[in-house]
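Biologist: Before I plan around this model, could we walk through a helix and a strand of it together?

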Amino acid sequence: MKVLLVEDEARIADFVCAGLAGHGFTVETCSEGNAGFERAAAGGFDVILLDIMLPGRDGLSILAGLRAAGVGTPVILLTARNELGDRVEGLNLGADDYIAKPFYVEELAARIQALLRRLSGDRNSRLQVGNLVLDRLDRQVTCMGHTIELTTREFNLLEYLMRSAGRVLTRKQILEHVWGYDFDPSTNLVDVCIQRIRRKIAFIDPAGDAATPIESVRGVGYRFRQAP
Amino acid sequence: MNKPAPSFRLRMFLVTALIVSTVLVCVAVVAGSTFYAYEVRRLDSRLCAEAWRLVSRPPPPGDEARFAADVAGKLRVRPTDQLLLSSEGDGGGGVLKYGPWPGVLALDQLDWSDVQASGPPRTCSVAPLVTAGTEWRVARIADAASRGLVAADLASIRGELWDALKRIAAIAAPIALLLTGLGAWLLSWLALRPVNRLRDAMKSVDERALDQRLPTEREAREFRELIASYNGMLERLEAAFNQASRFSADAAHELKTPLTILRGQIEQAIPLAEASGLQVSLAEMLDEVGRLASISRKLLLLSQADAGRLALLRTRVDLGAMLNERVADAQMLGLDATFAADIGDGLLIEADEQLVGQVLNNVLGNAIRYTPAGGRISVKARATPTGVEVVLRNSVRHVSQVDRARFFERFYRGDAARSREADGHGLGLSLSRVIAHAHGGDLVLMPSADTEVELRLTLPKHGPPTP
């Protein structure tokens, strides 16, 4: 999967490259607007990540230019200053999604994957890690052939963990991804939800009880055990 | 508190009435005295004429009463007590004395003045005479042979004058009052018209329209100055407001790039620091960066909302489903509080899903966090003719009236929330209300007991028509 990142802040570009590389993406970066447009118009990318404020030519103008030139490559906007306004304008101009700075790289990776799945017509709607199979289309999780009944929140949480299998996610990171902005009823909401998922998996797969796929990382958060 | 000043119209009326009545009284005094002097002069000549008659053709003895009645009729006085006659001389009539003459008469000491009398060249002179409480006017005709005196009580013409004044006043006063009222009303209307216009224009200016200016072209010079100074004030306000708004937007924005870098680098470092004590510190740092990011995002949104630029992405949103999801979260937490939810059907509105979700997250999150063990939380949502109403009630330890008044203030936290446990930023409620306003709805704190908080969120079914 090839990603074009048009971003003028070198340190942001650096960690985005590093982070996305860990998810198997090849990232090419470009720090100037006009060059970014040229590169994007030349094609060959699966996703384009566009910063809005760029020297030379701003992200919204690049997006408009690309769509006018008939380039349909999916675009995710990285908004900062006018998050809400850029979101409205960007989506009107033909952006596929947007993510507000400051963002988690894991979140960005999840958005890119979700976007690509959506555009590929959900051909890859099945996600399997270990003996857990998650189907986004049916919103169903099965373990060794048995369906596990999950609530929407539990399903979303499990999907987030499985997509980032092998990586530690903090509670705050999980909270923001699953529950959105500004929900903070108590510190243990994520823990309670994870306990419930673990219990449901253990009910189907008693062996999993000892070796639950969702590991607690002390003082950090949770990690979905990667398949050996 | 000061008592409000009486109405401007009323004051205008009173002042006008005072002026008009002063003028009326002056006119009445001047006219009355002029008229009185004229009447006295007329009386003088009539007295002289009667004196002449008395001297030239005195009544025969025994006929004085008839004569006196005749004279009284011509002078328009009562013959019994308002007329004095006296004559003596060679006319053959001898001495005549009629009426209540005083005992001693020092005629030569009176202030005589001559009157040109008709008839043969005998001089007639008149003088004021005061006897026991009565003012008389005396006319005297005297020559070598005879002498005649006629006096009339001045009370008669005074009475006539007074009656005339009363008649005039009876007609004039209501007319004057009416004219005064009309005049005062007209004056105050004229004076207030530009002020009213100004007031209406000022009312239409709110925080979202500080760029409005009032037109000065068609106003009178005096009001032009007033409007100009009001416009000047608006201009300064706008500049200060824009500066403050831009400042917090700029500050929040400037924070975003370093925050993005921090967050990304810490996030990347966590897996590398596996199995070392550093990982825990990094995770804590990541959470703190998250807190900073959340504050700067809220500040940015608030400053955009203050400037009236909260861009909404309206879609069809099922508020009922959103509420149910959060209610399920609360139930999942297994709270030590009674939780009651009554979510109606058909709560479909056109709204910005992300922002409305944030509002619900904030108010429900607060309710769950601040409800003490054994308390109650209730969520009621129903469709109204214009949109949706959500009423959220929860028990709290104690929220004073002072705290309530500052509930929506930025960076304000009640006593209960001041602990580090409660991870609010004191911006959530303020931002929630601003989001509700941007949708054309509202978020209000309802009055309730000190140990309960009731919030009412209203959102319209449709957004306002886009201009």
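Modeller: What covers the buried residues of α3(B) includes α1 (8–56) of chain B. This is a predicted model, in which local features need pLDDT of at least 70 and side-chain atom pairs count only at pLDDT 80 or more, while totals for chains, interfaces and linings use all residues. Residues are numbered from 1 along each chain as its sequence is written, and chains are lettered from A and ligands numbered from 1 in the order in which they are written.

Biologist: Which residues of α3(B) are buried?

Modeller: Helices are DSSP runs of H or I with at least four residues, strands are runs of E with at least two, and both are numbered from the N terminus. Buried means 20 or more other C-beta atoms within 10 Å of a residue's own, exposed means 12 or fewer, and partly exposed lies in between, with C-beta atoms placed from the backbone. By that count the buried residues of α3(B) are Ile157(B), Thr180(B) and Ala184(B).

Biologist: Which residues form the covered face of strand β13 of chain B?

Modeller: In a regular strand the side chains alternate between the two faces of the sheet. In β13(B), residues 452–460, the uncovered face holds Glu452(B), Glu454(B), Arg456(B), Thr458(B) and Pro460(B). The covered face is Val453(B), Leu455(B), Leu457(B) and Leu459(B).

Biologist: How many bridges join β11 of chain B to β13(B)?

Modeller: Two strands pair if DSSP finds at least two bridges between them. β12(B) runs antiparallel to β13(B), with 5 bridges, and Leu445(B) is the bridge partner of Leu455(B). For β11(B), residues 387–395, also antiparallel to β13(B), the number of bridges is 9.

Terms used
Contact = placed C-beta atoms within 7 Å.
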